[in-house]
Amino acid sequence: MESESSPRRTTRSSARPAASPAPTSPPKRSPSTASPSKAKRVRVAELEGRGPVKAAFTTDYSIAGAAHPIHRVSVLGAESVTLGFGITSHIAKQIAAKAPASTYLVATDSNVAPLHLPALKEALRAHIAEGSRILEYIIPPGESVKTREMKNVIEDFMLANKCTRDSCIIALGGGVVGDMFGFVAATFMRGIPVIQIPTTLLAMVDSSIGGKTAVDTPHGKNLIGAFHQPRHIFMDLAYLRTLPHREYINGMAEVIKTAAIWDEEDFALLENNAEDILNLSAANKKADSELNTDLLLKVVLGSIRVKAHVVTVDEKETGLRGLLNFGHTVGHAIEAILSPELLHGECVAMGMVREAEIARHLGYVNDVVIGRIVRCLQAYGLPVSTEDKKVLQLAPGKHCSVDQMMDIMRVDKKNQGNKKRVVMLAGIGKTHEPKASFIPDDVIIKVLSPAMVVDGGLKADSARKEVRLNVPGSKSISNRALVLAALGKGECRLEGLLHSDDVQVMLDSLQKLVGIKYIWEDNGNTLVVEGGAGKLQVPNSEIYLGNAGTAARFLTTVCCLVRSNDGRTTTVTGNARMKQRPIGPLVEALRSKGCDLTYLEGQGCLPLKVEPTGLKGGHIKLSASISSQYVSSILLSAPYAETAVTLELIGDAVVSKPYIDMTTAMMKSFGIVVTVDPGNDNIYHIPKGVYKNPKTYLVEADASSATYPLAFAAITGTKVTVTNIGSNSLQGDAEFAVKVLRPMGCVVEQTATQTTVQGPKRLKPIPSIDMETMTDAFLTASVLAAVATNGESGPDANLTKIHGISNQRVKECNRIAAMVEQLAKFGVHASELPDGIQISGVNEDPKKALKSPEGGVFCYDDHRVAMSFSILACARGAGQKSIILEKKCVEKTWPAWWDALENILGISVTGADLVHDGSSSAGNKQVGGKAASAAPATSTVTKTTPVKATFDETTVVVIGMRGAGKSHMGKAAAKALNRTFIDTDDYFAHKMGITIAEYVKDHSWAEFRKLECAQLQQILNDHPKGYVVSCGGGIVETPEARVVLKDWHSKKGRVIHLTRDIGAVVEYLTADKTRPALGEDPKSIWSRRRPWYKECSNAEFKIVADGSDASWKAVERDFAKYMRFMLSTEGTFQVAGSPSFFLCLTFGDLHDAVKVLENASEGADALELRVDLLKEWSDEFIGTQISLIRRHSDLPIIFTVRTKSQGGRFADNDLVNMFSLLELGVKYQCEFVDVEVLDAKSEQFLELYKALRANKGRSHFLASFHDFSGTAIWDQTGYGSSLSAASGSRVMMRDKYVELHQFGDSIKLIGKANTLDDNFALHRFVHETVPTLGLQPVKPLIAVNMTAVGQVSRALNDYMTPVTHPALPIAAAPGQLSIKQIHETRYLLGLIAPKKFYLFGHPIAQSMSPTLHNAGFNALGLPHKYSLSENPNWSHVKAMLDEGLKNKTFGGASVTIPHKEEIIKHNLVSTLTEAATKIGAVNTIMIDDHGKLVGDNTDWLGIRASILKRVSIEGYDLVGGVIGAGGTSRAACFALKSLGVTDLRIWNRTESKAAGLAEEFGGHVVSGGFEHIFDKSPAVGAKPKLFLLVSSVPGASQNDLPIDEMFTNANAGAPAGSVGVFVEMAYRPRQTVIIEHLGSIERTNISWSYVEGVEILIEQGLEQFTRWTGRRAPRKVIEETVYANYK
Ligand SMILES: NC(=O)c1ccc[n+]([C@@H]2O[C@H](COP(=O)([O-])OP(=O)(O)OC[C@H]3O[C@@H](n4cnc5c(N)ncnc54)[C@H](O)[C@@H]3O)[C@@H](O)[C@H]2O)c1
Ligand SMILES: [Zn+2]
């Protein structure tokens, strides 16, 4: 019914049951007869005459003085939308007439206000009645202010200004302003009128029409709102001229959506005019008069008419209006995850593609429709998949998992059981139903999933019947057919054209060159082209070919055909990759015939400038040994040369001759007959002429694609007919059926244009087959060979050997290796041959013999690998599932492959997601099934137990100068991260069987570089995860290799540039004689490569080592730590604890700071590197500075470049260099990077910021503003006057806050206090103003005032207060305080309550704990006190705790014998940490947030920390030993276990006690004496051992132990290079007997170090201190004090 009343809508297909899908034959669209504009007029008239349905018709009228007519559209029966261009005055007049009011509240946001508010206000003033007043209200821009809080503020403002019921709100702005003020209007005094004046495209075509208004809540968007129809909606398209480009295309997404569901003609308009339409956004600076405003009017009008219509028919969204939700069901789920980084329209764009794919899966639409939608969205720069580069850059680290998306969709109230409402397209401009359809979850899951699960075994009904299908067209034929038809004369219907980007690019370019007209018919199955009969023109803009290689080659010659003399030329260009693909030989040949082509960038590559000289013709010589496409290019254009062409192919053998034959054969079909010279096969004669277009040209199937359905028949024993390829085909792979399938036992029948295959019961192997003419089909053949048998069995039985396919090693991946590797996953044995592969077929029934591919089939992003293995999966039995990862890779040639497999071939396919914790793609799980909800165990593990970290497993590449230490560090990092290491130089030598030096001697550096690049690509293809790859120093020398590296890091892998001072590198190189001489001074090499290293890497690390072993060890540790930080999947770095502090390092060179660093940083949570204060700003110098800090401190680094106007030393207007420094901070993985928001509005700033953000990794951005001038104002409530304030000279901190909120993970606002009052203003700002802004998410804020009078604000600030320290030479800013001073001030202000801490135990008089803790409190200025509370009775402890809790003075306690276990036994604390529970003892009591007592144990952390200080445990065989079974031995066992010790031995004099421990902690008892503790530990391989021995035997009772024997025995079982650490728990005497022995033992195999008891005491004490105070303990002061007092 709706369709009858619709303004214009092509016929909707009748509902089609999902069971009879045929994706290749879509519903027919009834041809439309009228031209678009005519159609509109006619319909309008019809509707007007038809009485009641006055839905969405438009009327046009003109007003005096206006350049463009004004349009009106009806909504809900009233003409309430007015649309025009430049109509402000008209708007004002209309408002005065339509909505008389006592008060007009003009509402807008602070972006729109300066642009459009004054003009509107002025116009209003001119038209409204005398007594009416105008108020204005300006809100900050952006979604984050669309809150309930903001609504309150606005309402208060209106009430305070005495707005009454006869007020009218005018909402001038985007959807945010419209929604916010629409909602205010809906409820203010129970509803007042609102006029919507949308200023964004999205608001115009969507949010302003329909009356929906709402605000967001933390629970979700638009959850609170009302329907409130606006009194009128005025759209002035001139407003769009100021709209940022991204916002503009955001609105285009909705426009495209509307056309997609409603109107194919509108859609075509969008497809064909993207460039013009995009020109209308603000990004284009052309004058209004130069623009095609009528086009924009048409586009917007088309969209709003539809919206107006459906709103009218279905105001409250019960049916038809739901169609506007196309793309939104999935889009909203994506948006929930990716906002705010991505905009609504961008998410809807991705949603549309997914929802259209659902429709394709259900058989409602075909590939063509998907292709058109995808390409149309792309033409406007919208993302089409969550893996789009744009998405990865805008929202780095975010991932849309299928589970999460399904969860989000699940909450929609419109769902029905396990079905969701999704709009199903039935074509472009058509939908399956006049409302959203209910789609089962499993279908949605299948489409959203990145991987496919193929269930072997045929669905019952399809088991025996013959299947017929169409295979997507051949790309080569499609491209040739387009060129021919465009150059030909007359109309040509091209059927079965492949829909791919390449073909689209060809079509677009031909349109520019030839001016051809084309339309799609049969829902895009047929392209009707009207040829230009050889007439060509110089295109108006450059021909951009993306990465379409065939188009580049074919069109270069076509461009030469153009003849003109108006001075213009043709430019042919492409993307970065294209600009590296050679085209030289073709250009040479053309130049020889008078064509004038100029390379605009690199020689021999695009871009090219082509003069319109025409092609002379005559004898053309062309080298054909590189690409047959050069030949075809000249052949195709040759008939249009001035004289007949003779083309002679010269050089070595002609490659790919079949393609040349294909070209000539096709030319013949278009009426031009090419003859081969009778005397010379390599000479072609092409007559002059004009192609005669055949009425219809059938594009043949892609022969390689056709092998899959045919192989399906072969492997399942069924019958399949491919209807669009047969014996006529000239494509090499077309022989597959006859040459491969028939010998394997299939029955093959072929007509000229069809092929039918009936598979046998079992396939037979082919002992040897040469597939040189059909190399792409070898993968299909290989999977068939996997199940082919002669009845033999054994690993080498049933062999099929395929030869002649060595070129397949350099395709999308090394396909031969890929097949071997992936076949193995099915349990099939295969191996590489020099020029091919051999496969041993399984003999047993494949249903039993084929294994489930563990971890899924890895496809190397190669469509052929994916499709082949999905065929092999079909050979497995019903219910046996094979996972094919990366299902999307089939899109390159057969986007609907999975649908065809399921719907036509009858195999059941389900979706699977990959776990995205960075674990390898092997760890995948099924989605939607039971396993799906296996959430990670977020158990009660407390913060004291280190949570096992997860890392991004993507292979890391290391580059840098030879001699920088790449191999060394790469190996160390691989070891630390448990990865495999590859050195590309070793790889080369291994692969080639010859050293690089030898190779270079025999060949050349250039040839080596070529191979090196190919091998790097190979390594990355083969090992995308779990590796560290170190490259040769010169890898960056060739552009090809640079592309590989850049590609790797832009796809989210890491390429680390390892640097070292060039002097050190030179020194190292002079000493190293093992490698071929560089033949060049290393310094000049370095200066040449430096920029390349920089662009090829997205991470950097500087090695600072003096060459000693110890310094290399330290670098290794630092590097491992750096890698762990970088690769951790924990997300943006955060600092916990409140208050927190950072120390500003104000040094010119940190070498001067090293001595004081530890001392000065006590209590701090981070160190700020003030780069602007450094004496040099070179990458090298800064790198050294960072490495120095990392060497000497564990604290996070804040990387800051402060400008002059904000109190630093960096130039104010040097954004580019500022950002290049910040980039260095990001590359060095600085935990924080301070981003001074210098000019949030400038495009340059935004661009630079975006680029920086894209590589942000885990760095935390501190968006900062420092008011050094001292004029900013903190104190300002409400918003009403922000515009006037901003236009004055004073900055409002509130505006700054809102601005910085977009840029930082936290915000830093530094003001200047002139009076004490300014501090209170700041305090109110933080506690009152900021919360009312309601910005989401809430971000941490640093707000401080400089100067002495501002000091109190530093004491009051809770988060990351900048501090200084007396040990530093100067403070970084006026009034800066130390942590000690801040704490003292906070104490005086009553912000820190002094607490009492105790040691409970007996006897404890000698304890060092009071000394330790009081030294710490004192150093940090904390007012706490620690004292002894000695008593042997646990009831004393209880009484103390009760008392302490009651009067709230108790801060915490240490516990020692005899109470450690009693605390637990008598339930003296409310909760126990995991460590305390496992160890069964409490040594620390603390108070949690709810005032409850918590028992913890820090002994084990002391043990662990002191071990890790001495050794890094990676790479060793761990052996643990614990002697004694007393209290601390349990902590020892726990600590050793936490380090990963599995071989744990326990010795105790009383064996039974040891046995108890052993059982509990999974160790074993050492019987037969102490000396045997490390016996029987035979060497495992060559791995050295790490012995970790902890003694809890009191010092006094160690005398009688056979210590020497024990060490001797240990030594006997240890391989060389082993290491030992002995940890002494007893601390009196300081040097126990065991430690003394250690000094004298023979160090043959094991080198021992030891830890004194006092060190453990300090370490566990530091941990206690942190737990009690929430901050790092001042280690150095504590250590010094304890050792000084230790006797
Ligand atoms: N009510 C509905 O039916 C409906 C429908 C769709 C979307 N929405 C809502 O609309 C909002 C999104 O609307 P939006 O995309 O217009 O966002 P928006 O209002 O935030 O505007 C986008 C940005 O463009 C700026 N801007 C607006 N007009 C400008 C101009 N002419 N020149 C320069 N800058 C300009 C704004 O200040 C803002 O920064 C969301 O809150 C969404 O929930 C509502
Ligand atoms: Zn929308």
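Predicted model: local features only at pLDDT ≥ 70, side-chain atom pairs only at ≥ 80, totals over all residues.
I began with the largest cavity, which comes out at about 170 Å³. For me a cavity is a set of points on a 1 Å grid over the protein atoms alone where a 1.4 Å probe fits but cannot get out, and a lining residue has an atom within 4 Å of a point. Points are joined across faces, edges and corners, and the volume is the space filled by probe spheres set on them.

Residues are numbered from 1 along each chain as its sequence is written, chains are lettered from A and ligands numbered from 1 in the order written, and side-chain values use heavy atoms, without hydrogens and water.

**Largest cavity.** I found 17 lining residues, and closest to the centre are Arg1170, Arg1202, His1266, Lys1308 and Ala1373. Strands 44 (1141–1145), 45 (1166–1170) and 49 (1306–1312) each give the lining at least two residues. Strands (E, at least two residues) and helices (H or I, at least four) are DSSP runs, numbered from the N terminus.

**Second largest cavity.** I got about 140 Å³ here. Its lining has 14 residues, with Arg360, Lys887, Pro895, Trp898 and Asp899 closest to the centre. Which helix gives the most to this lining? I see that helix 13 does, with 4 residues.

**Zinc ion (ligand 2).** Next I looked up what holds the zinc ion: the protein donors are Glu254 (OE), His328 (NE2) and His344 (NE2), 1.9 to 2.1 Å away. Donors are N, O and S atoms within 2.8 Å of the metal (3.2 Å for Na, K and Ca), and water is not among the atoms, so a site may look incomplete. His328 sits in helix 12 (328–338) and His344 in helix 13, so the pair ties together parts 16 residues apart in sequence. Are these two histidines buried or exposed? Both His328 and His344 are buried (under 20% relative accessible area; exposed is over 50%, partly exposed in between; 1.4 Å probe, protein chains only).

**Cysteines.** I count 0 disulfides, a disulfide being two cysteine sulfur atoms within 2.5 Å. Cys347 is buried, at 0% relative accessible area. Cys1144 is in no disulfide either, as the nearest cysteine sulfur, in Cys1230, is 15 Å off.

Notes:
1 Å grid on protein atoms, 1.4 Å probe; cavity = no way out; pocket = protein on both sides within 12 Å on 5 of 7 lines; lining within 4 Å.
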